[in-house]
Amino acid sequence: MTFQLIDKLRITTPVCKFQYPKLIEPETKFNPEGVYKIIGVIDVTQADAIATQLDELLAKHKDSLKTQAPTQKFKLVELPWAFEDVEGKPSFIVKAKQKAGGVDREGRRWTAAPALFDAKGQVIKDRDTLKNMWSGTSGRISFDACPFYNPSLGAGVTLRLRAVQVIDLVEGGGSAESFGFSQQDGYTAGQSSDVDRKSTRLNSSHSSVSR
């Protein structure tokens, strides 16, 4: 039986923390074509609206399927959103992804990537500037919540990644603060220490005597 699915819903998160962002180079571990993906971690105090939108969409999707096949039982697949504790804080997480490429029904190959915007809403044209993006980066995520039904898998809603706005970029390697280091008096990168300068002068003197 072919089911008529309800319409998808476009959703944009509030400002949230990113986990495991794969926005420049798609992940190819489970898909040779590659998949762009990101997890948004939303503070629970700001999650009511988006959680309600997703739960209501899922409820309408299930009702629609049951209306079309009242006697059929539908298995529900694992949902890409949930309330969880993240690093000890109550949070609401969303997992969005987008295929990096494929082949359409007519045999034509296609590629795609999520749109990227900076904090001012301007398109990030040089995507390589974000190649070192790290978990902890904050911003907003835009995705389509798409109801689906697969006889072998079940019914559910996938979050199809569309765009990301980067507000506060955290890059790989981490900052001094991320390792617990605070500012102290002493050595400054790019400057020689007193010992180094004395050693340089001493070596210079030895060279003059040798000559």
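## Basis of the report

A residue is called buried under 20% relative accessible area, exposed over 50% and partly exposed in between, with a 1.4 Å probe and protein chains only. By that rule C146 is buried, at a relative accessible area of 6%.

The model is predicted, so that local features need pLDDT of at least 70 and side-chain atom pairs count only at pLDDT 80 or more, whereas totals for chains, interfaces and linings use all residues. Residues are numbered from 1 along each chain as its sequence is written, and side-chain values use heavy atoms, with hydrogens and water left out.

## Cysteines

A disulfide is a covalent bond between the sulfur atoms of two cysteines. The structure holds zero disulfides, a disulfide being counted where a pair of cysteine sulfur atoms lies within 2.5 Å. C16 is buried, with a relative accessible area of 3%.

## Salt bridges

A salt bridge is counted where a side-chain nitrogen of Lys or Arg lies within 4 Å of a carboxyl oxygen of Asp or Glu. The whole structure contains seven salt bridges. Helices (H or I, at least four residues) and strands (E, at least two) are DSSP runs, numbered from the N terminus.

One of the salt bridges joins K8 to D144, with the closest N and O atoms 3.6 Å apart. This pair links distant parts of the chain, since K8 lies in the segment before β1 (9-12) and D144 in strand β9 (residues 138-150), 136 residues apart. D144 counts as buried, at 1% relative accessibility. R10 also forms a salt bridge with D144, and here the closest N and O atoms are 2.3 Å apart. R10 belongs to strand β1 and D144 to strand β9, so that this pair too connects distant parts of the chain, 134 residues apart. Salt bridges link K8, R10, D144 and R162 in a network.

A further salt bridge is formed by R109 and E33, whose closest N and O atoms are 2.8 Å apart. R109 is in strand β7 (residues 109-111), while E33 is in the loop between β2 (16-27) and β3 (35-43); the two residues are 76 residues apart and link distant parts of the chain. R109 counts as exposed at 57% relative accessibility, whereas E33 is partly exposed, with a relative accessible area of 33%.

## Aromatic pairs

A pair of aromatic rings is described by the distance of the centres and the angle of the planes. Rings of Phe, Tyr and Trp (its six-membered ring) pair if their centres lie within 6.5 Å; planes under 30 degrees apart count as stacked, over 60 as edge-to-face and the rest as tilted. The count comes to four aromatic pairs.

Among them, F74 and Y149 form an edge-to-face pair, at 5.5 Å centre to centre and with 80° between the planes. F74 lies in the loop between α1 (48-68) and β4 (81-86), and Y149 in strand β9, so that this pair links distant parts of the chain, 75 residues apart. F74 is partly exposed at 22% relative accessibility, and Y149 is partly exposed with a relative accessible area of 21%. The pair of F83 and F92 is tilted, at 4.8 Å centre to centre and 55° between the planes. F92 counts as buried, at 1% relative accessibility. Ring pairs also join F3, F74 and Y149 into a cluster.

## Pockets

Rolling a probe the size of a water molecule over the atoms shows where empty space is left. On a 1 Å grid over the protein atoms alone, a pocket is an open set of points where a 1.4 Å probe fits, with protein on both sides within 12 Å along at least five of seven lines; lining residues have an atom within 4 Å of a point. Grid points are joined across faces, edges and corners, and a volume is the space filled by probe spheres set on the points.

The largest pocket has a volume of about 1,000 Å³. It is lined by 30 residues, of which V35, K97, Q98, T158 and L159 are the closest to its centre. At least two lining residues come from each of β2, β3, β5 (89-99), β9 and β10 (154-168). The lining divides into 17 nonpolar, four polar and nine charged residues, where Ala, Val, Leu, Ile, Met, Phe, Trp, Tyr, Cys and Pro count as nonpolar, Asp, Glu, Lys and Arg as charged, and the others, Gly among them, as polar.
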